[in-house]
Structures are given as structure tokens and as C-alpha cells.
Amino acid sequence: MSGTFVGMPAFPAAAREAVGDATLRANLRHATHTIRDKRARAVAELDDWAALREAGRRIKDHTLRHLDTYLVQLEESVTAAGGTVHWAADADEANAIVTELVRATGEREVVKVKSMATQEIGLNEALEEAGIRAYETDLAELIVQLGKDRPSHILVPAIHRNRGEIGAIFRREMAGWGRPAPEGLTDSPAELAEAARLHLREKFLRAKVGISGANFMVAETGTLVVLESEGNGRMCLTLPETLISVVGIEKVVPTWRDLEVFLQTLPRSSTAERMNPYTSTWTGTTDGDGPKTFHLVLLDNGRTDTLADEVGRQALRCIRCSACLNVCPVYERAGGHAYGSVYPGPIGAILSPQLRGMGSEIDRSLPFASSLCGACYEVCPVAIDIPEVLVHLRERVAEGGEVVRNGARITVRPAKGHAAERAAMRAAAWAFRRPGVLRTGQRLASGTRRLHPRRLPGPGRAWSASRELPEVPRESFRDWWQRTQGGPAEGSTK
Amino acid sequence: MRVALFLTCVNDTLYPGTGRAVVKLLTRLGVEVDFPMAQTCCGQAHYNTGYRHGAEPLARHYAEVFGGYEAIVTPSGSCAAMVRELYPRLGARAAAEGRGGELARVLAPVVPKTYELTEFLVDVLGVVDVGAYYPHRVTYHPTCHGLRSLGLGDRPRRLLEAVRGLELVELPGAEECCGFGGTFAVKNPDVSAAMGLDKVRNAESTGAERLCAADNSCLMHLGGTMSRLRTGIEPVHLAEILAGTAADTGGDIEEAGV
Amino acid sequence: MSSRERVLARVQRAVGERPESAAEAYVREVPRTYLVEHGARTTAETVDLLAENLADYRALVHRTDEEELPYLLMRLLAEAGPDTVLVPPGLPPEWLAAADPVRLHDRAVSTPQELDRVGAVVTGCALAVAETGTIVLDGSPDQGRRRITLIPDHHICVVRVPQQVVASVPQALSRLDPRRPLTWISGPSATSDIELDRVEGVHGPRTLQVILVE
């Protein structure tokens, strides 16, 4: 993924910093709570929401199961419509393909529509190395790019910034990238949007190469679909002479008709609108309208490895709406950067460790970055059971097991840092099969209750730094039961 | 009707008062309660922390201990959800690992007859007014597994609304997680504490004297936060409210104006 | 091995054996139990809903008939005050019969910079979706190339009601031709990127006027 995330600390440490940042907390709380209620209203308008959600889930599962067939069909359709299809097994290959395609045009700059896939592979950095400047044109991406920042949300990468901070970034940085911010620019959102319009317009009008992702690709027709709000997408998709779209292979759907599900569920789940302001669809190239040359780069980069995991593969259903981020109490407090990936929040916690493998500390910590409250699963428009996958990935960390990396099946060992926990879990499982042992432990705890400290040293501090410990009662329930209700003598359990 | 009480390891060890309350409540409603002494733990902590294989023997143990009862009642939403939602998954995963359907078959009998307390009261016994008296201002936190895994809906609220003397006040942001999350509380202590703190501040804003929930693990986290902050709000398990009667408090139902 | 072959082979290993073809499985596995249309409405009510939803997302909605259309367009263009109005090649000439501004016809050679100097554009549409308040352009002669409805700051779109109005997204998709480049427009350009709150007016036309013509 993007080089900017290399060397991220594990989630708990990164989250600690965010929890202590009052401005960040206020920004995230304000933004996520604003959208939460709106989403609920937009969804409630459709009384067949459950059926749409189920259809979305089934379409995606079906497509994933026959992904090879649909990718080949897509390739044929796009080629027949005048496009050229490229295949990239990983990020480096995708970056090399795109860089070469841009070089071949002779251009030194490109305009970009917000795209998670190109963020994931670090395309901007790769282009920069080749001397090609990539201009982000989505407002939030522009804020991130101008602020030399990292994205912290799938839909709104600058969600961690409030209007005051955005105004300051525009006033300070715009001049270095092109047209400066207007004199006397205030922090009003309307003025900030106007400043972005003016700043980017000259870039749109002269652009010769556009780079995009896509929300959907239709196998039967070869059509690509981009949903957006601002019009920067339309600019990048229609004004340049060359269009290069980098799209994850899981974005394919079988038929044109399948869009009727996702064009209803995606806008309501993401921006809480009945429909987003602009949706563009294109099939190859059209004479006299839009780019003369169209390249589609199909990106694997860990997706087929994810597909090989029968529990984890449901993460590939994701349509990047960000509803799970917006309802997540952990995301709201930890912020997007703590997830150390372009995919933050609950979906990021199951997607990043699968796409990247669990070789790094941050990726091994992400499956634990959840209280398993289930709010994410409840709002997911394609019914990804995120808690189920989180627990499944925890198992990979704690117990090890078989995974597929770069197409090869390998066995991973349990993570080192979990040795003490593993021993404790084993001991507990042993004791819990022997009620007598449990009782002895309870009696020991009750007998020493006066001696229990109020605050614990070492790892126990994680609890007692913010919370009192529960007081151990004089008598466990089972002792009380046996004493008063004449329950049966403690049964032997083999 | 003879039912088994699955109290859970946490309640057995740390919150025996909740167990006594369930026994008192169910007995008052004419239910014969048994507490199988061989019971221990459902395996939830193992499963959710990534030790699925470690949870399997505990699930088998649960099935063995409780298999013979007509119904199993537990005053814990998350442990009930473990049995109902995750035991079938344990069986399915074992089968996917090439171990056949044996585990699924062993666990299957206890899955449908395990009830969270409020489900048992409202759905099986068909009661909403359990004849309780509890003269306090109470706010209710619906715990995540009760709310989203089991779908308890308004059952706890209906039970509370029927309690004499009780003034139920709406908890802002009620459906948001309290931040306990089992081992999450110690693996991500800062986020966990921040979530707990926000929940406690919301409870304080209601002016309630008691913060009620149907799961003591969440209450352990919230209660520990409240006593550290000296809020003066007491955590209380729903069962303890429903078990209370005028005789317990010396209060007079008529005077309470209900 | 090419990357194409490598990716396809990985997919096959990941999903394993499949007893039936994708086409066979698709029919069985994808349920269409959701609604084709939300609620039962008369044709007139569907048109009303379109007007309501367009307005809800800040499109300016006008209703008129064939006879009055040229005068309404004259008035709207006069109020907006552009010197020039861009016209796609197949726009019915009578629509602008009464209008004053200079008509510019889009030509293949029109550069983005030239289009940026135009005040307004008038087009027809392929259809409109009532439930979502959406107009869809498909590049037909009365709508022109995609860029002409993008660069000018003021877009006036004429919808023939009721024949161009559908109730829902599923109905819209079944009437549209995927081979044509489509633009779905729901209100003027907007963004939610500042504090996740919607603000109108970024890169696309900041004024969208929709005329429903009976």
C-alpha cells in the first residue's frame, strides 16, 4: 500500500494518541454523527431495504465464485468497445503499467478522480518518481494532498479536518500547486468549495490524461461506473484525451441490471442521499465524445489471496460506502490514521490484513481493533459480517493456520506477542472443563478479597488505569446455591 | 416448568447477587430453577479472542451439562449470543476443517433452547409485568449482543416499564457500544475507556440513580468507570430490578403512586 | 506466465470446483425480491414526485407546456443573463425561438477553454427518475457531448412529461442503452467533504434548472 503508511505503530498505540487529541475527537464526532442519522433516514425511505441488501450480497458472492469467468467476459466486452485491458498481479506491476501508459502520451501531469485502488498501490508516489505530477481533484483528496497529510476515511479522506483547518491549508498551500486561494478566503464551506473550483479548473481544462478507479464494472457490457458528487469525476472522465482506470478485480458485476441494486444502496449508505449528484457510465470509447483512448488496469494485489479464505472473502463484497466507519464507536475515537492503511475503520480492519498479509505489527493488531459491537454489520449494504471476519483473523494471529500469500498456500505460526495470552487461554480452558477447579479458584479469590489492590501493576493497568476493579464477593453463587438450595453435590464431569 | 440457570462464569464468581435475583424472580413466577453445578463457561472469551479451538471443549461441556433441560436461561446477552449464534458456527467451521459434522451435532440440541433472561420472560413465560417494585430513577443501556445479535428489541424496556415505582429515563446514544468488548477492554484500553467515559457522561446527563443493563460484563466496565469518577450512579443488572418487591425495600406500592 | 494467466489461475485455485456454469448459477443465486417501484402512484403523481425530489436536492424546477416553453426559456436565460447559450446539434430549434442570447453550436473542435466562456447550456434528456430526482443524459443529438453539460455553470434541462419519466432506478436502467456514455444528474454539483455536510456548487454547473414540459 501507500508508502506513507510504512512503519505505522500498532493500532492501540496509534489510537492512544488520537483519543488524546481533543480537536480530532470533536471533528470526527461531529462528522460521523451528522451522517449517521441522515443515513438512517435515507435507508428508511426504502421499505425493501432488506431485500436490496440481500440481493447485493448474493450478486457479489456469485460474482466472486465465478470471478475468472466474469473477468474474461469483461475483458472481451471492454476490448470490443475500443478499450485496452491490462492485468496487474500486484501494486508494483500496476504502477509500472500506468507510468508507462502516461509516458507514452508524452504528458508530465495527470488529473485524478478519487480512487481507493490507486491510493492502495501508491500510484501518486510512483508517478512522482517517474517525473509525472498527479493532481488529486476530489475536494477531500485535494485537502489531503495540499496538507501533505494521509487519508483517514474512505469517502471523505479529510474527515479529520474541520473547516478552520481546511481554510488554513488552502490559504497556505494552494499557491504552491497552481492558482492561489482567493484573497480573503474565509472558512465557510461554500467559499472553500468555490476556492477548490477555481484552483482546479485550469488543471481540468488543460488535462490530457485522466486517471480514475471505478465503483462497478459490468462484465456483459464492458461498462464502467463512477459515482461522485462534485463533478471532478466528470471532468477527469470526459475532458482528457486518454483515460486510465485502475480497478480492483472484485468490482466486476455480471449484468447491467445488477446496477439497479447498487445504484440504490450505495448513495444512501455513503452520503445518505437518494442519489449522488453525478454518476458516469462509459463503455470503451465513444466517437467524438470523451477520451479517444481508454485503458483498464485490472488489479489483484492480494484480492485473490483474500478470495482463497472462505470466511474472509466476504470482505471483497465491499462497495466502499463507508457506512461502517460512520457508525463505528472505535473509529470515531481512534480516527482513521490509527488503522495504518488507506482502508480505515471496521472494513479496513478486515481488508488491510488480508490484502497485505499479516506480516506487520499493525496488520496483526487490526483484527483486535474492535469491541465486536456489530454496528458495522448492521449498516453494511452488502451484509459483510465484519465481526465474524475480525474474530476469524484474530484466530490467524493467535493460533496461526493456513493462508494464501501471492497465490501460494502457506502455514503461518501463531504471533509471538500472544504467547502469554495463549498460555492463559489454555489454562482457562483446562480449568473450565473442571468445575471443581473453578470453585477452588473462586474460593481462593473470596478468601483473599481484603488483600486485593485497587489498581493493578503491569498488564493489569490496562484495566485499572481508568476503571475500578469489581469487588470479589464473600461467596460465589455456586457456594450459595449449594448452601441454601440444597443443590446436588458437585457433579463429576469426567 | 423446570429450567436450568446458566449463570455464566463471570456472574458466578463476581456477581452472585444477579444469580440470586434470577432464582428469586423465576421462582416467584412459578418456574422451577435448577443450577447444574457442573456448569462453567460458554467459551465466549476464547472464541472472540481468536482461540476458537480452545472454545470447542467448553462448548461441548456446556452441551453436556445443559443438554437434558427443557430450557436454559442466562442473564447475559453475550453468553446467550455465544450459544445461539456462534455454537452453530463452531460446528460449521469444524466441518469446513474436514472434521465432519460431529461437533455440530453435539452442540445443536442446546442452541434453540438457550434463552437470554428477557426473552425467556416475555416470549416463553409471556409476562411483561413480573410484579416488581423498584423505587428509583433508572436509565437503560441495551448491550450490543442483546441488541444486535439476539435482537432483544423492546423486551427489556417493556419489562422495566411495568416495574412499580421505577422511573425510566432515556439514555442518549443508548445503542452505542459501552466499550467493554471482552479482551478489547485491555487490548485497546484507551479507546475502551473513552467509549466507557462517553457512555457514563450520557448516563449522568439523564439524572438517573441507576444504570441498568442485562449483562454484567458491560456493567463491570461501566460500574468501574463510574466509581472511579465518583458519579454516584450505581450499576444494576436488570434481573436485580425485576426481582425486587415492595417487601424488600419496605416501600409501599400505593404511596409510590403507581 | 502472464499476469493475466496468473490472476485467473489464482482465482480458480481460490474458489475451487464449480459444478455449474456462471450463467446457470446466476439465475438461481441472484434473487430479485426487491421492488421494481416504491409505492403505487398515478402517472401524474410520479411526475409530482420527480419535481419534489429534484427540488429537494436544489434543482430549480419549472412546469410548462410545449407552447409556453420558448417563452419560459427566454425568461430563464434573460434572468441568468448570459450573452451566449450553448446548443447541442439536435436541440429542437423552436425551443429557443424566443430567446435573445447568441446561440453557439457545439462543434467537435470546441475546446474546454472555449466552453468555459459560455454562460449556459440548454439540453433535452434521455429520461428522468422520480424516486431519486435524477435526470439522465445519454449523448443523443438533443443532449450533445458530455462536456457541454459540464463546463458551463448553468444547465437548463428539458424533460418531456410524462413520457420521459420513470418511477425508479430499475425502470431507468432497463430503458437505457449501456453502450452510450451516460450521465446521471441529481441536483447541482455538491460535496460532503467538509465535515460530512452537503454544500452545493463545486465543479459541475452550479445552477441546474429542470423544465417539465407537458
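Start by selecting B:Thr74 and showing what surrounds it: leaving aside residues up to four places away in sequence, B:Thr74 touches B:Phe6, B:Thr8, B:Cys79, B:Ala80, B:Thr114, B:Glu116 and B:Leu117. Contact here means C-beta atoms, placed from the backbone, within 7 Å. This is a predicted model, where local features need pLDDT of at least 70 and side-chain atom pairs count only at pLDDT 80 or more, while totals for chains, interfaces and linings use all residues. Residues are numbered from 1 along each chain as its sequence is written, and chains are lettered from A and ligands numbered from 1 in the order in which they are written.

Colour by secondary structure next: B:Thr74 sits in strand E3 (residues 71–74) of chain B. Helices (H or I, at least four residues) and strands (E, at least two) are DSSP runs, numbered from the N terminus. B:Thr74 counts as buried because 29 other C-beta atoms lie within 10 Å; the cut-off for buried is 20 or more.

Now select the two domains of chain B, 2–125 and 137–249, with bounds from an automatic or database domain assignment. Across the boundary, 26 residues of domain 1 of chain B are in contact with 22 residues of domain 2 of chain B. On the domain 1 side, helices H1 (9–14), H2 (16–28), H3 (44–49), H5 (77–99) and H7 (117–125) of chain B each supply at least two residues.

Finish on chain A, with domain 1 (3–299) and domain 2 (433–484). The C-alpha centres of these domains of chain A are 53 Å apart.

Methods. Buried ≥ 20, exposed ≤ 12 C-beta atoms within 10 Å, placed from the backbone. Contact = placed C-beta atoms within 7 Å.
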